[in-house]
Amino acid sequence: MSDSLFNRLGGDAAVDAAVDIFYRKVLADDRINEFFADVDMDKQAAKQKAFLTMAFGGPNSYTGEDMRKGHAHLVARGLNDSHFDAVVENLGSTLKELGVSDELIGEVAAIAETTRNDVLGR
Amino acid sequence: MPIIAFDGREYLAEDSESVLDCLIRHDVSVNYSCRAGVCQSCMMMMKEGTPSEASQKGLKDALKAQNYFLMCSYVAEEDIAIARPGKDFQSVETDVLALDRLNADVLRVRLVRPENYSYFPGQFLNLQGPDGTERSYSLASLADGDDFLELHVRHIPGGKVSGWIHTALKVDDRVSISPATGDCFYTPGQPGQNLLLIGTGTGLAPLYGILRDALHQEHQGEIHLYHGSSTAEGLYLIDELKALDAVHTNVHYHPCVSQGTPPAGMTAGRADQKALEETGKLGGWRIYLCGREDMVKSARQKAFLAGASLKDIYADPFVPAVD
């Protein structure tokens, strides 16, 4: 489908352009960077990339169960809605920086939003 | 139908079936996760055949140069042979050519380069000690020019292999080494890119190889080398590096001493801190970090936050052996 969100955003190239900017924002954000400190940066970047691909409506094989398992240790450390909001905010500002329209940013945020309850283990 | 050779066996791939799907269908135990070319957990090395562009998407240049590829993103059209990363390698024996002291703790070990021994300066090899214990040492020699392999070995207190190298090893002794591996080396293609090389202690070994390789390949961008130690006595190859700095306008050597007042011509402070302070924004730079694990880890994050792309940060942390 040529007019899928993923293609309208620019596909793989858009994910590649976004991943460094997004990860850098997250690491520099004192509200949430404690959850990202002390991890293997390569693995973390690969995860960020997988997350962005999913949020951009691209091919992925994430399940709600993966999301729950992958974040359970962070929920135990206090991960909550405010942190989730901060990540979505960084996602939005990344896309804005890349010149993506507000409309498309809204669509991306809506996809990210569908993972909230799984990420927060609810 | 193409044949995929792996781990001493051969598997028939069906049309338009990815290498990963083929191995899974044959119940071969391999790592994978996303199956979408993203997570890189199904990365392998292609020993025969040429990886497609799609199957190397997202991999570092250093890995691409070594024929690494993602199994989920490659459909074999011809027979290929693949191997797990870093394994399926045969060790070779060679002779010690020369042993020279670089400072009180560091010995320069030169080995005869075995025939057809290929490597990139900055990669590491595993050298076998007397009881079979292996330790990793980085290659400081120039693959395209030096006919020997050069390692810098620091005497670790109680170190099984470094202690043996420092006290028992003699010229003409026979040693066993693995093929070179690792992704911390110079890759051509962007001759104008600025390079920042930061190393502590014998982290200079890979950086010395990378620096000379970059110059050998006529790198045009600025090259800043920060070599740090707690004392001036811990630094080495100072004259050689000063000479490179003097001869090449784009080479800048910064010896750093973190404790006490340094001698004239050296900087007071930790190499990583000074390097990041003095270079500032790192967008577009390529960074090489070699040495103590904690230094590499923190410098990596700081370089990334200073604007360097993750793909442009090459790290070789020296992880102490536990055994």
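Modeller: One definition to start with: two strands pair if DSSP finds at least two bridges between them. Also keep in mind that this is a predicted model.

Colleague: Fine. Which strand pairs with E7 of chain B, and in what sense?

Modeller: Strand E7 (residues 106-112) of chain B is joined to E10(B) by 7 bridges, in the antiparallel sense. Within that pairing, B:Val109 is opposite B:Leu151 of E10(B).

Colleague: And E10 of chain B, how many of its residues are buried?

Modeller: In strand E10 (residues 148-154) of chain B, 6 of the 7 residues are buried, so the strand is largely enclosed by the rest of the structure. Buried here means under 20% relative accessible area.

Colleague: Now the open sheet in chain B. What is the strand order?

Modeller: The order is E15-E14-E13-E12-E16-E17 in chain B, an open sheet of 6 strands with parallel pairing. Strand E15 (267-268) and strand E17 (313-318) of chain B are at the edges; each has a single partner strand, so one side of each has no neighbour in the sheet.

Colleague: Take E12 and E16 of chain B. How many bridges join them?

Modeller: There are 5 bridges between strand E12 (residues 195-200) and strand E16 (residues 286-292) of chain B, and the two run parallel. For one residue pair, B:Leu196 has B:Ile287 in E16(B) as its bridge partner.

Colleague: Changing topic: loops. What is the phi of B:Asp27?

Modeller: B:Asp27 is not a glycine, yet its phi is positive, about 60°. The residue sits in the loop between helix H1 (19-25) and E3 of chain B.

Colleague: Buried or exposed, that B:Asp27?

Modeller: B:Asp27 is exposed, because its relative accessible area is 72% and the cut-off for exposed is over 50%.

Colleague: What about B:Asn67, what is its phi?

Modeller: B:Asn67 has a positive phi of about 70°, and this residue is not a glycine either. Its loop runs between helix H2 (61-65) and strand E4 (68-70) of chain B. With a relative accessible area of 26%, B:Asn67 is partly exposed.

Colleague: Last topic, the surface. Which residues gather in the patch of negative charge?

Modeller: The patch of negative charge on the surface brings together B:Glu10, B:Glu48, B:Glu77, B:Glu78 and B:Asp79.

Colleague: Where is B:Glu48 found?

Modeller: B:Glu48 belongs to strand E3 (residues 43-48) of chain B. B:Glu48 is exposed, at 52% relative accessible area.

Conventions. Residues numbered from 1 in each chain as written. Chains lettered and ligands numbered in written order. Predicted model: local features only at pLDDT ≥ 70, side-chain atom pairs only at ≥ 80, totals over all residues. Heavy atoms only, no water. Patch = residues over 30% accessible without salt bridge, like charges linked within 9 Å, V, L, I, M, F, W, Y side chains within 5 Å. Areas by Shrake-Rupley, 256 points an atom, 1.4 Å probe, with all protein chains shown as cover. Salt bridge = Lys/Arg side-chain N within 4 Å of Asp/Glu carboxyl O. Lys, Arg positive; Asp, Glu negative; His and termini not counted. Charge placed at Lys NZ, Arg CZ, Asp CG, Glu CD. Helix = DSSP H or I, 4+ residues; strand = E, 2+ residues; numbered from the N terminus. Buried < 20%, exposed > 50% of the residue type's maximum accessible area, 1.4 Å probe, protein only.
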